[in-house]
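Visitor: Could you take me through some of the helix packing here, one question at a time?

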Amino acid sequence: MKTTHILMALLLLVMACKSDNQVNSNENKTTMKTTVINQEEIDKENILLLTSTLFTATDNRNWEKVISTMADSVYVDYTSLGGDSGFKTSNEIVSGWQKILPGFERTVHHPHNFAIWSVGNRATATFDGHATHYLDGKEWSVFVGYDTEYIKEDDQWKLARIDATLYKQFGETSLPALAIQKVEEGKISKFVKADTNKIAVIANFFKALESRKLENILASFTTDALQIMPLSPENFPKELKGITEIKNQYKGVMSYEQTYEVEYFSTQNPNDYLAKYNGTITTNEGKPYNNSYIGLFTIENEKITKFIEYFNPNVLLNSWPGLKPLNYSVHRAGARTDSGVTLQEVTFNSNGVNLVGHLFLPPNFNSNKTYPASIVTGSWTSVKEQMPDEYASVMAKDGFITLTFDFTGFGESEGQPRQVEDYNIKIEDIKAAVDFLENHPNVDIGKLSALGVCASSGYMAHATAQDPRIKKLVLVAPWLHNPQIAKAIYDLRPGGTEGLLKAAKDAKVKYAETGVMDYVLAASELDPLSAMYVPEGAFDYYLNPAKAAGNHYDNRFAVSSWEPWLNFDGISAGNEIKQPVFIVHSESGAVPQGAKAFYELLEGKKDIVWLNQFNQQQLYFEKEAVNTAMKEVINYLK
């Protein structure tokens with residue numbers, strides 16, 4: 001088996017198990033929510049349970065149980081990691097796992113940071129996972145992002161797709177090959193009964209943390225102990241050498257309330273123990289900080305001599321007071337937080353609805369000056385943390401005040417029903433954003449531009465035609481369609497354009513009568529009824545936590561949206577726009593024919609640049625693509 005295939009097989013493992021020989025300090029505790037609110041919440045709970053069952057059975061080598069949790073055919077995608085992709089039967093998947101997993105003495109996998117969306121009999125979920133594999137006194141650990149899909153069959157959820165993206169790996173990368181060799185030679189390690197005295201040493205360490213007794217924490221370590229934290233971000237220590245550095249680190253959190261849920265795992269080495277734990281810390285500001293960890297403890301003479309700890313650095317950066325992410329976006333394409341750009345959270349009103357936004361201020365911001373400004377919006381169904389923050393933060397770095405926001409019914413903004421893609425509402429929201437900037441004391445309203453990415457380009461175009469306060473219009477990777485283009489695209493869908501329009505009408509009637517909106521998944525690689533359905537990674541941006549999926553994004557699409565979307569004419573706005581227009585697009589991007597038709601209608605100043613080296617999704621988030629596009633935009637605006 002090739003090394004990449006070895007890695008791919010192991011990355012699917014995300015949920016550690018409690019074997020018969022495993023010591024669990026919290027037998028009756030669970031991290032799952034217990035309050036059921038509605039069917040959607042029930043489905044989320046069941047999907048979490050499915051994930052737990054699947055990977056607990058995998059780590060216990062209970063292969064029949066593993067097979068029972070999967071659909072008959074599962075789409076597996078490892079292409080981003082150098083592996084293969086395609087549909088596999090559950091037997092084929094398990095057969096691959098059986099060739100390697102029993103060769104390890106112990107694997108501990110810890111999934112966390114879940115975001116789950118379900119509609120009807122379809123669901124998607126993203127989550128992060130730590131995984132530590134132990135063999136012959138050595139460990140190999142990976143930090144992975146997963147996006148998955150599920151199908152409900154006979155009222156039971158089944159795994160139907162899994163895509164794993166490796167973030168980082170540490171330790172002995174030769175261990176997978178050694179594990180395969182051990183399986184081939186029949187040298188399969190059995191789980192070893194735990195030494196309760198060794199477990200007690202680690203348990204006392206966690207008890208000392210909970211009781212906030214620094215002297216007891218320090219008593220758990222030898223004077224020359226070493227703590228290693230491989231996933232620590234730039235502004236957090238990666239190593240603590242000796243008891244003095246350990247003391248300095250731990251005394252900083254002694255004032256915080258802490259609780260830990262811990263499971264322990266023995267190895268063939270009587271001195272090495274693995275632990276999987278969830279930690280909740282209440283900060284002095286009263287805010288909870290929750291993270292998930294895997295620790296490898298080496299214990300000698302009832303003291304911890306070495307402690308390797310893995311935790312999610314993104315959770316740390318986004319939650320811990322005094323720390324902040326490296327970039328003003330969910331990926332690295334946005335401006336760095338140490339670039340001098342600052343972010344303010346703002347709210348403003350649009351037709352009685354409070355919208356939540358991000359206001360980016362340029363480096364060396366002077367409250368006595370005015371600056372050119374821009375409103376930045378993203379693709380359909382998107383939220384501000386995605387491509388809007390990417391472009392807005394980079395633009396602010398070049399001297400602009402920029403505003404991103406969640407449209408009515410999306411993200412953090414108010415509005416019911418949720419997730420309705422209606423151009424009438426979104427155009428009004430853009431004009432409300434203009435009102436907000438016009439009243440900002442540091443905005444030069446005479447130098448206000450509007451930048452639309454993808455589908456919001458049509459909304460921005462109409463807002464520009466209607467609002468002369470917008471002085472320049474910039475469109476990046478614009479999706480511009482009219483009903484004729486929409487019909488050509490969506491007639492290929494189940495039921496065609498007419499079927500979608502009927503579904504939208506029925507959904508509106510149902511909402512008016514019951515207050516309940518019908519939804520489909522916004523993006524899926526398996527569900528042909530989803531709003532964005534093209535298999536094999538075409539809409540990976542919306543599904544992959546390494547790109548833009550996650551807790552900020554709601555992967556649902558209100559069925560009533562089909563009527564305004566299919567009847568929208570973003571191209572015709574070109575007839576009415578008097579302001580200068582600048583377009584950055586790619587021939588391999590979305591509907592380039594629509595951008596060309598729009599461009600031909602413009603009678604005023606206009607220019608278009610084709611960045612054919614990039615595709616549509618690259619222009620959403622990849623650093624090189626965003627920076628190349630923004631270089632063109634800044635040169636134009638200045």
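Visitor: Which handedness has the crossing of H10 and H19?
Guide: This is a predicted model, in which local features need pLDDT of at least 70, side-chain atom pairs count only at pLDDT 80 or more, and totals for chains, interfaces and linings use all residues. Residues are numbered from 1 along each chain as its sequence is written, and side-chain values use heavy atoms, leaving out hydrogens and water. A crossing is right-handed if the near helix is turned clockwise from the far one by less than a right angle, left-handed if anticlockwise; that of H10 and H19 is right-handed.

Visitor: How are H10 and H19 oriented to each other?
Guide: The axes (lines fitted to C-alpha atoms over the stretch in contact, with angles from 0 to 180 degrees between N-to-C directions) of H10, residues 387–397, and H19, residues 623–637, come within 10 Å and cross at roughly 50°. Angles under 35 degrees count as roughly parallel, over 145 as roughly antiparallel, and 65 to 115 as roughly perpendicular, with the rest oblique; H10 and H19 are therefore oblique.

Visitor: Which residues in H10 meet H19?
Guide: On the H19 side the contact (heavy atoms within 4.5 Å) includes Val 626, Met 630 and Leu 637. From H10 come Tyr 391, Val 394 and Met 395.

Visitor: How many residues of helix H12 are buried?
Guide: Buried means under 20% relative accessible area with a 1.4 Å probe, counting protein chains only, and the buried residues include Tyr 459, Met 460 and His 462. They pack against, among others, strand E16 and helix H11. H12 is largely enclosed by the rest of the structure, because the buried residues, of its 11, number nine.

Methods. Buried means under 20% relative accessible area, exposed over 50%, partly exposed in between (1.4 Å probe, protein chains only). Helices (H or I, at least four residues) and strands (E, at least two) are DSSP runs, numbered from the N terminus.
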